[in-house]
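Me: Please take a close look at a single part of this structure. I would like one connected account of it.

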Amino acid sequence: MSPALRMSRDSSHARWRPDSIPDQSGRRAVVTGANSGIGYVTARELARRGAHVVLACRNRERGQAAVERLRTEVPGARAELRLLDLADLRSVRAFAEDWSHGRLDLLVNNAGIAMVPLSRTADGFESQFGVNHLGPFALTGLLLPRLLAAPDPRVVTVSSEGQRFARFDMTNLDAERGYRAAFAYVQSKRANLYFATELQRRADIAGLRLRSMAVAPGLTRSNVLTGGANSARGRAYRSLMRLLMRSAFRPTPEGAKTSLYAATVTDLPGGSYVVPDGPFQLRGQPVLRSRERALQDASTARRLWILSERLTGVRYP
């Protein structure tokens, strides 16, 4: 699509709001990490418009509480909990093998971790690379037959505006030569963007109907910087994060806009990257972003794809 056409499309959706979402009745959607934050809002708004939503969560108690809350906020919602731990490829495989709803219309790869101390997944990968990239890569590949059974399948992968600052090092994706939490985080988010664009390239070559999108939510209030492994950090860290959340971060529903936009705008082309339109992509209305170095770097995306297949053991047909 030409830049001019993209700009025209951006302008037509400049005032897009969640109540612009068309009827989602009949669609089956999976949202990972849907027990809180952007994931919860994404699942809730899809359910509000009639979709059957599966909240894919790591913790049963928190996930069930989210389902009950969603059903209270959206009476009659079709929502259910299924357990998924992206830090364990056995859990990812079990989730895909246990899928019992036939086709899958929409997969939102939302779950992730950020700025955590060095740790390893159940399979031995650096946790941010493992949870943010390898887990979603494996999940999407294992669910691909279900997606391709749908008439208009779509995959939305949540990256970050921070990926723009990544110095992507293919030789140190797994923190084999030193670890810096912020560096590993933005690198894993760049990997999300490479994955989404390479998935679209491969779908196009194969002549598949699948549309793969990537999004950046902007600065958004969630527990990604305070929950999980970050909950064990000291009092000073927690106080600073709470202050930043209140003063600089947007309410969660604002951050969910790009995910919902990518998941539901009818004429959105595959390969789109949706970001907030404000300064530095930190806040604003959903807009398509085409001038992004990673979107054009097909060589690195292919190399990462091949490595990801080898590390996860998941090969896309």
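Reply: What follows is about the aromatic residues around F137.

This is a predicted model, in which local features need pLDDT of at least 70, side-chain atom pairs count only at pLDDT 80 or more, and totals for chains, interfaces and linings use all residues. Residues are numbered from 1 along each chain as its sequence is written, and side-chain values use heavy atoms, with hydrogens and water left out.

The structure holds eight aromatic pairs; rings of Phe, Tyr and Trp (its six-membered ring) pair if their centres lie within 6.5 Å, with planes under 30 degrees apart counted as stacked, over 60 as edge-to-face and the rest as tilted. One of these pairs is F137 with F195: the ring centres are 5.6 Å apart and the planes stand at 65°, so the pair is edge-to-face. F137 belongs to helix α5 (residues 127-148) and F195 to helix α6 (residues 181-206), so this pair ties together parts that are 58 residues apart in sequence. Helices here are DSSP runs (H or I, at least four residues), numbered from the N terminus. Both F137 and F195 are buried, meaning under 20% relative accessible area with a 1.4 Å probe and protein chains only.

F137 also pairs with W305, with ring centres 5.0 Å apart and planes at 80°, so this pair too is edge-to-face. W305 sits in helix α11 (residues 298-312) and F137 in helix α5, so the pair ties together parts that are 168 residues apart in sequence. F137 counts as buried because its relative accessibility is 1%, and W305 because its value is 3%. F137, F195 and W305 form one aromatic cluster together with Y316.

Definitions and conventions: Helix = DSSP H or I, 4+ residues; strand = E, 2+ residues; numbered from the N terminus. Buried < 20%, exposed > 50% of the residue type's maximum accessible area, 1.4 Å probe, protein only.
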